[in-house]
Structure formats: C-alpha cells, structure tokens
Amino acid sequence: MITLKQMLAGKNRPLAVVTPGDSVFHALSLMAMHDVGALLVLDSEDLVGIFTERDYARKLILQGKSSKETLVSEIMSDKVAYVTPTATVDECMALMTEKRFRHLPVLSEDGEVIGIVSIGDLVKATISNQQFIISELERYITG
C-alpha cells in the first residue's frame, strides 16, 4: 500500500497557500498560476480552511459577489478534514468519497502543514501501483 509520505515525496511542486485576508481574486490567480483546484488557507502556519473552485462557484458567483472585493475568509470551507502522512491512498480515497470532496490536506502529527493531495493524485497513484503489480505478475508468470 502506498502511503501519502511516499506519494508526497514524488510531488515536486511548491505548496500554494493563501491567507484568510487575501482577496478571492488573488486566490483564483494563484490557482491559475499553479494549475490547482484548491488552496490551503493558513493563518501564520496554522491551517484554518481550504478554498476550492467549488467554494468560488457556489458561494461567490451564484450569489453575485465580486472576487476582487470578497475575502477568502468569507467563502472558504473552515471545517477541514485532513490526514497524516501515514495514511494510505486507499484510506484517503475512501474518506474523500464518503465526504464528497476532492482535496485533502496532509498534516504532520504535530499539526504542521506538509501538503495537499487531490483525487487526481490518488487515482494516478492507484493506477501506477496497479501497473506495477501487473508487470510483476507478468514477469512471474513468464519467468
């Protein structure tokens, strides 16, 4: 089983974050720049929320608000589920499926933000692992 610690070691992109006082427009610009669908919201180094494309669509656009005048704190999700690096890909997929969200922060045992994984990251890791198992089985059968 692949753990998040192993998976995060393979990610080489910087963690994109915003503060609660940043504008939604700034957050959207960061999301576009980093090509991500969610940003962790940090107050100093503490995780206080997550801002996603879904938050933007449902809590800003549909309510006719402006992204330049609205703060991230006004529309972010502040009840954030998270996992530790020892969690497996399967455990994360189960949690994300049950809770119906697509991004999951990863925090160390002492609460330090380590990273974030998306459902796409988990699917990619699952497929990679399955391909490895298939090639090992093929090698075993033919060898």
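Which residue of β5 stands opposite H103? The residue is S118, and the legends below place this pair among the other elements of the chain.

**Figure 1. Overview of the predicted chain.** Residues are numbered from 1 along each chain as its sequence is written, and side-chain values rest on heavy atoms, with hydrogens and water left out. The secondary structure amounts to 6 helices and 5 strands, where helices (H or I, at least four residues) and strands (E, at least two) are DSSP runs numbered from the N terminus. From that terminus on, the elements follow the order α-β-α-β-β-α-α-α-β-β-α. Taken along the principal axes, the C-alpha atoms fill a box of roughly 65 × 35 × 30 Å. Of the 143 residues, 35% count as buried; buried denotes under 20% relative accessible area, exposed over 50%, and partly exposed the range in between, with a 1.4 Å probe and protein chains only.

**Figure 2. The open sheet of β1, β2 and β3.** This sheet of 3 strands has the order β1-β2-β3 and mixed pairing. β1 and β3 stand at its edges with a single partner strand each, so one side of each lacks a neighbour in the sheet. Two strands are taken to pair if DSSP finds at least two bridges between them. Strand β1 (residues 17-18) pairs with β2 in the parallel sense over 2 bridges, and V17 has L40 of β2 as its bridge partner. The chain passes from β1 through helix α2 (residues 24-34) to β2 in a right-handed β-α-β crossover, a term that applies if, with the strands pointing away from the viewer, the path from the first strand over the helix to the second runs clockwise.

Figure 3. In strand β2 (residues 38-43), 5 of the 6 residues are buried, so the strand is largely enclosed by the rest of the structure. β2 and β3 pair in the antiparallel sense over 6 bridges, and L42 has L47 of β3 as its bridge partner. The hairpin has 2 residues between the strands, and S44 takes a positive phi near 60 degrees.

Figure 4. V24, A27, L30 and M31 of α2 are buried. They cover an arc of only 120 degrees around the axis, which puts them on the same side of α2; the arc is that of the directions from the helix axis to the C-beta atoms. The face turned away from the buried side carries the exposed residues A32 and M33.

**Figure 5. The hairpin of β4 and β5.** These strands pair in the antiparallel sense over 5 bridges. The hairpin has 5 residues between its strands, and G111 in the turn has a positive phi of about 90 degrees. β5 is mostly covered, with 5 of its 6 residues buried.

**Figure 6. The largest pocket.** The volume of the largest pocket is about 590 Å³. Its lining comprises 23 residues, of which K11, R13, I116, S118 and D121 are the closest to its centre. Elements that give two or more residues to this lining are α1 (4-10), β5 (113-118) and α6 (119-142), and the largest share, 5 residues, comes from β5. A pocket is an open set of points on a 1 Å grid over the protein atoms alone, where a 1.4 Å probe fits, with protein on both sides within 12 Å along at least five of seven lines; lining residues have an atom within 4 Å of a point. Grid points are joined across faces, edges and corners, and a volume is the space filled by probe spheres set on the points. By class, the lining has 11 nonpolar, 7 polar and 5 charged residues. Ala, Val, Leu, Ile, Met, Phe, Trp, Tyr, Cys and Pro count as nonpolar, Asp, Glu, Lys and Arg as charged, and the others, Gly among them, as polar.

**Figure 7. The second largest pocket.** About 340 Å³ of space lies in this pocket. Of its 18 lining residues, I50, T52, D55, S77 and F101 are the closest to its centre. Two or more lining residues come from each of β3 (46-52), α3 (53-59) and β4 (103-107), and α3 gives the most, with 5 residues. The lining has 6 nonpolar, 4 polar and 8 charged residues.

Notes. Predicted model: local features only at pLDDT ≥ 70, side-chain atom pairs only at ≥ 80, totals over all residues.
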